Amino acid sequence: MTRKTYKVTLCDGPTCIRNQSREIRQALEQALEKHSLSQRTEIHLSGCLGMCSKGPILIVNPGYVIYGQVTPEDMGEIVESHLAGGQPVARLIVKEDHLYNRFFRIFGDVDFFGKQMRITLRNCGIIDPENIDDYLSVRGYEALAKALTEMTPEQVISEVKKSGLRGRGGAGFPTGLKWDFTAKQPGDEKYVICNADEGDPGAFMDRSAIEGDPHTVLEGMIIGGYAVGARKGILYIRAEYPLAIQRLEIAIEAARSHGLLGERILGSDFSFDLEIRLGAGAFVCGEETALIHSIEGSRGMPRPRPPYPSVSGLFGKPTLINNVETWANIPVVVLDGGAWFSTIGTETSKGTKVFALAGKVQNTGLVEVPMGTTLREIVYDIGGGIPGGKKFKAVQTGGPSGGCLPEEYLDTQIDYESLAKAGSIMGSGGMIVIDEDTCMVNIAKFFIEFTQSESCGKCTPCREGTKRMLEILTRITQGQGKPGDIEKLERLGEMIQKASLCGLGQSAPNPILSTIKNFREEYEEHIHQKKCRAGECRALLKYTILDNCVGCGACKRACPVGAIDGTRKEKHVINQDLCIQCGQCFEVCKFNAVSKA
Amino acid sequence: MTETEQKKMEALREYMHAVKDQPHSESNLIGVLHKVQQIYGYLPREVMDEAAEILEIPTAHIWGVATFYHYFNLEPIGKHVVSVCMGTACYVKGAQGVLDALKKELGVDIGGTTADKLFTLQEARCLGACGIAPVIMVDDKIYGELDTKKTIDIINRYRKADAAETEA
């Protein structure tokens with residue numbers, strides 16, 4: 001393979017297309033042909049690069065030269081001068097507005113990154129997380145310096161308000177308002193807390209953010225402390241994340257020795273220090289009042305709000321709690337301005353969101369997309385669609401607190417309101433793709449099993465309600481469902497949503513209610529016809545041997561319970577009373593003579 | 001108690017005395033429990049009682065906290081966890097015999113840990129390996145088509161590997 005000399009990335013966003021980006025591509029290809037450079041140049045189309053005002057955009061790598069407002073006529077000059085002659089065309093280079101550049105440097109030429117925009121994870125994989133100099137080289141702690149030297153605490157808060165940033169832990173409360181409430185409380189003993197008790201099964205964005213770029217979180221917290229008037233910050237992190245804890249310790253030590261933590265930070269009058277506190281494996285501690293109890297050394301149980309932690313939090317003092325991802329956005333908001341930040345996203349949800357994409361999808365992993373991206377874009381364009389030619393069935397967002405959305409919701413834009421309207425939630429950002437081989441009743445059972453075992457037991461609706469729901473679902477998946485079960489689940493679910501004390505209970509019925517709403521027929525099949533169309537509920541499966549059985553005896557030998565009988569070279573039979581539905585006969589049969597239904 | 005354990009325990013006592021006079025000293029409880037578990041692998045009762053005295057926190061409160069969080073072990077855990085699958089297929093194929101053999105060989109009951117702290121014995125729900133029933137899982141490795149003799153052989157292999165490790 002010949003080595004490509006240049007990579008040219010052309011923005012394929014809607015604005016750029018309107019401004020002739022397609023024609024530009026043609027002109028570019030022709031010009032390359034003319035200079036015999038086609039073999040040595042790669043052309044990539046990227047998703048919207050967000051520089052619409054300067055569009056159409058064309059980026060040449062290596063060198064990271066950004067051309068703006070190019071026309072098809074310019075292609076000849078760019079190819080001749082830059083790609084053939086090595087001399088960039090100065091008059092077309094975008095000089096100002098380099099704000100966005102920081103967020104696109106290494107991306108744009110890989111499909112997976114094409115639709116992504118990395119703000120929270122901007123440095124992950126790029127810098128050495130254990131080296132503070134690396135962080136400083138990507139404008140690290142510049143936002144802190146700016147806040148301390150050029151801004152009053154009120155100005156910092158006003159900038160956060162202007163950005164439209166909302167809590168990334170799940171509930172989506174406006175971050176600026178939370179800061180404002182805490183700042184306005186009297187007293188000089190206040191706390192800021194970073195909630196890194198990430199516990200959703202399958203979600204790991206907070207761990208990645210800390211492991212890849214711990215200083216960003218610290219910088220956000222120090223700025224937060226300055227804004228609300230706190231002198232002490234606490235990072236509450238799961239004990240199950242040893243690498244993240246280790247990197248935070250290294251980062252805190254480095255920040256202290258650089259005068260970025262401790263007394264009189266950067267020569268200002270502001271003093272602030274940070275401490276790490278470990279969780280001990282309790283999902284409910286992600287709830288803010290439970291988390292505070294845990295830091296105080298007690299059982300992590302929530303309490304009714306109000307008072308909110310911004311009024312009475314840790315040790316009864318005003319406390320500002322934000323999630324890892326929220327904190328990681330703060331340096332960007334302060335450095336580049338709330339106005340800029342608010343240009344990304346939708347009307348009500350600004351900025352980007354990180355999702356942990358998993359399940360039946362080609363590309364799994366962390367993806368960070370601007371708010372307003374559709375579920376379809378994530379599942380198909382970034383995720384690469386469903387593997388093995390299987391059919392898409394649903395996408396589950398928000399982990400055990402979220403819901404399952406079927407195909408007709410694929411064009412839902414991702415923001416707090418749209419997801420809620422569709423019957424799911426943003427949550428902390430788990431996203432599981434489900435194909436036709438997954439049983440919706442079973443997946444609801446999986447999630448309620450989790451919330452049931454994690455219920456702290458303080459309030460009755462959650463403690464007893466989740467248990468009853470699990471019992472009913474277990475019965476249904478074992479073929480003992482009764483008419484009226486669905487209605488009972490709906491009634492219970494609504495009651496638990498309304499009457500539970502904290503977010504865990506209030507959202508626990510979501511996976512069940514959303515699957516009943518969108519996949520009611522699967523529940524009905526399980527109950528009335530004792531049938532599981534996905535073939536996942538083993539107790540509902542019936543294995544039978546078909547007429548094309550040649551009597552080889554393979555299934556008979558494989559059966560662990562001796563349920564298969566038959567003479568050699570004659571059709572075998574499964575004794576249904578003995579069969580435990582393990583599926584071994586189905587696996588070993590070379591003649592497709594065992595049916596599973 | 002080994003010498004290293006004693007040293008670590010001494011350090012922990014110093015730590016507890018140090019935090020005791022700080023404001024909100026009771027908030028360090030979970031941190032103390034983490035340190036205890038790092039030393040012993042679980043939370044021994046007498047150490048909890050000692051912590052209660054030094055930190056001046058009621059033992060009942062400490063046990064309330066220790067039992068609330070999944071991360072804390074209240075019983076010692078061995079170096080290797082041996083889970084015997086008791087799913088239907090394994091049961092029919094003789095899992096009970098395998099379990100009995102393990103109980104006898106290790107000298108512990110279900111949930112127990114051997115005196116040398118090498119093995120903890122557990123029952124498991126179906127491990128999904130019915131085709132090679134009966135199976136056991138040691139840590140995260142599955143061994144199938146077992147009988148009494150094969151099972152003991154596996155245990156002996158782990159013992160040998162561990163002895164070699166200790167020598168080296």
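1. Arg139(A) sits in the loop that runs between helix H5 (132-137) and helix H6 (142-150) of chain A. In this predicted model, Arg139(A) has a positive phi of about 65°, although it is not a glycine. Most residues other than glycine have a negative phi. Arg139(A) counts as partly exposed because 16 other C-beta atoms lie within 10 Å, whereas a buried residue would need 20 or more.

2. A positive phi is also found at Gln581(A), at about 55°, and Gln581(A) is not a glycine. The loop that holds Gln581(A) lies between strand S16 (573-574) and helix H23 (584-588) of chain A. Gln581(A) has 19 C-beta neighbours inside 10 Å and is therefore partly exposed.

3. Two cis peptide bonds deserve attention in the backbone, one in chain A and one in chain B. Most peptide bonds are trans. In chain A, the cis bond joins Arg305(A) and Pro306(A), with omega at about -5°. Pro306(A) is placed in the loop between helix H12 (288-295) and strand S8 (319-323) of chain A. In chain B, the cis bond joins Ala133(B) and Pro134(B), and omega is about -5°. Pro134(B) belongs to the loop between strand S2 (119-124) and strand S3 (136-138) of chain B.

4. On confidence, the pLDDT of chain A averages 89, and 93% of the residues score at least 70. Within chain A, the lowest confidence is in helix H4 (residues 111-114), with a mean of 56, and the highest is in H10(A), at 98. Residues 96-102 of chain A stay under 50 in pLDDT, and the model has 9 contacts for them beyond four places in sequence. Residues 104-111 of chain A also stay under 50, with 15 contacts beyond four places in sequence.

5. As to overall architecture, chain A contains 23 helices and 17 strands. The C-alpha atoms of chain A fill a box of roughly 85 × 75 × 40 Å along the principal axes. Of the 597 residues of chain A, 51% count as buried. Among contacts in chain A with a separation of 6 or more, 71% come from residues 24 or more positions apart.

6. Two packed helices are described by the angle between their axes and the distance between the axes. The crossing of H10(A) past H11(A) is right-handed. On the H10(A) side, Pro214(A), His215(A) and Leu218(A) meet Arg247(A), Leu248(A), Ala251(A), Ile252(A) and Ala255(A) of H11(A). By class, this contact comprises 6 nonpolar residues, 1 polar and 1 charged.

7. Trp179(A), Thr182(A) and Ala183(A) of H8(A) make the contact with Gly224(A), Ala227(A) and Val228(A) of H10(A). The residues involved are 4 nonpolar and 2 polar, with no charged residue.

8. Helix H9 (residues 205-212) of chain A and H13(A) have axes that come within 9 Å and cross at roughly 40°, which makes H9(A) oblique to H13(A). Here Met205(A), Asp206(A), Ala209(A) and Ile210(A) of H9(A) meet Val324(A), Glu325(A) and Ala328(A) of H13(A). This contact has 5 nonpolar and 2 charged residues, and no polar ones.

9. Thr326(A) also belongs to helix H13 (residues 324-336) of chain A. Thr326(A) is buried because 25 other C-beta atoms lie within 10 Å. Beyond four places in sequence, Thr326(A) touches Leu165(A), Gly167(A), Arg168(A), Gly169(A) and Thr175(A). Thr326(A) and Arg166(A) are 160 residues apart in sequence, yet 7.5 Å apart from C-alpha to C-alpha.

10. At the interface between the chains, 22 residues of chain B are in contact with 21 residues of chain A. On the chain B side, helices H2 (29-40), H4 (59-68) and H5 (88-92) each supply at least two residues, and H2(B) gives the most, with 4. That side of chain B has 11 nonpolar, 9 polar and 2 charged residues.

Methods:
Residues are numbered from 1 along each chain as its sequence is written. Chains are lettered from A and ligands numbered from 1 in the order in which they are written. This is a predicted model: local features need pLDDT of at least 70, side-chain atom pairs count only at pLDDT 80 or more; totals for chains, interfaces and linings use all residues. A residue is buried if 20 or more other C-beta atoms lie within 10 Å of its own, exposed if 12 or fewer, and partly exposed in between; C-beta atoms are placed from the backbone. Two residues are in contact if their C-beta atoms, placed from the backbone, lie within 7 Å. Ala, Val, Leu, Ile, Met, Phe, Trp, Tyr, Cys and Pro count as nonpolar, Asp, Glu, Lys and Arg as charged, and the others, Gly among them, as polar. A crossing is left-handed if the near helix is turned anticlockwise from the far one by less than a right angle, and right-handed if clockwise. pLDDT is the predictor's confidence in each residue, from 0 to 100. Axes are lines fitted to C-alpha atoms, for helices over the stretch in contact, and angles run from 0 to 180 degrees between N-to-C directions. Angles under 35 degrees count as roughly parallel, over 145 as roughly antiparallel, 65 to 115 as roughly perpendicular and the rest as oblique.
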